[in-house]
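I opened this entry to follow one stretch of the chain and note what lies around it. The notes are in the order in which I looked things up.

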Amino acid sequence: MDVRATTRAPCVALLSEVLDMQYLVPAFREACPDIDLRLGADLGPLEDIDAAVCWFPPHGQLAQLPKLTLVQSLAAGIDHIVADPALPRERPLCRIVDTGMAAGMKAYVTWAVVQQHRGMKAYVASSAAGQWQEQDVVSPRRYRVGIAGLGTLGMACAETLATIGYEVSGWSRSAKHDLPAGVTGFHGDAQLDAFLARCDTLVCLLPLTPQTQGFLNAALFAKLPRGAHLVNVGRGDHLVEADLLHALDAGQLSAATLDAFSQEPLPQGHPFWGDDRILVTPHIATRTDRLVIAQQTLANLASLQQGQRPANQVDLERGY
């Protein structure tokens, strides 16, 4: 056991190049009133820092923390951390698992599916023009939704959509034996084509690994039903952006709802802006509760200081 844990409060650095991490301070103080928090350009004596909570941390910064015990992502994704070529890979890396995130993701994915399936974009335009104009009404039973990625969030979305009445399929790298009622399962490369053929809307909720980077590409789009709708709530690097634009131009895809991007914020002048076939949302499909981030970070740090394996430690070989 690290004797420092018995003599002083934990010292935690909040590191990000893209977020103002000040928003986490109240939650950490609620979870541990005497915590030593470090953020900003001046982190103080680096040898004091026990844990780093990260969202796109500056490359090389983690390697400068000599007594670092824990690297903690503030979300489920860890690609923003492992992209650092100087990452001290011997340090335990953990991700956050927040069961409350499922509610937000279910709401977002259901909205994305319904707004496309029911032609809500056309109704918004009709309303703005003062026109009473009906669109074709297609029963959810005749609209097929596929969920690529059957982790906690994927399972929750699949179950919700099936409950509403959609024909739902799910695909994962390995077989899942606890699928919700009404969800048809597919797994592995051998069953991917059959899964894609059943997707009027394809929802990507895969983890980002070397195997899934660029998963949403021209070859995959060609296997979807013509005019399919893409929803990406996974990671930006799942999508080959140029291939999406080509598929839309060719009519192979009719629309895309995107909440994650390779570069965030999405730069001004990017071709996705202003393309009426693409709906951009600023990575807001769901959010991790701040207090959950604080509590899981402190619990993981305590486990490590007691010689135990922390919850949700990442296997860097598998990428999740």
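I started with a term: two strands count as paired if DSSP finds at least two bridges between them. The model is predicted, and I read every entry below with that in mind.

Entry, strand pairing. I looked up β10 and β11 and found that they pair in the parallel sense over five bridges. Within that pairing, L230 stands opposite A256 in β11. I then traced the chain from β10 through α9 to β11, and this β-α-β crossover is right-handed.

Entry, the other neighbour. I checked strand β9, residues 201-204, against β10; the two pair in the parallel sense over four bridges. For T201 I noted H229 as the bridge partner in β10.

Entry, cover of β10. Is β10 mostly covered or mostly open? I found it mostly covered, with five of its five residues buried. I sorted the side directions next: A228, L230 and N232 point one way from β10, while H229 and V231 point the other way. Residues of both groups are buried.

Entry, the helix. I asked which residues of α9, residues 241-249, are buried. I listed D243, L244, L245, A247 and L248. I then looked for what covers these buried residues, and the cover includes α8 (218-221) and β10 (228-232). I also wrote down β11 (253-258) and β12 (278-280) as part of that cover.

Entry, after the helix. I looked at what follows α9 and noted G251, which has a positive phi, near 80°.

Key. Residues are numbered from 1 along each chain as its sequence is written. This is a predicted model: local features need pLDDT of at least 70, side-chain atom pairs count only at pLDDT 80 or more; totals for chains, interfaces and linings use all residues. Side-chain values use heavy atoms; hydrogens and water are left out. Buried means under 20% relative accessible area, exposed over 50%, partly exposed in between (1.4 Å probe, protein chains only). Contact means heavy atoms within 4.5 Å. A crossover is right-handed if, with the strands pointing away from the viewer, the path from the first strand over the helix to the second runs clockwise.
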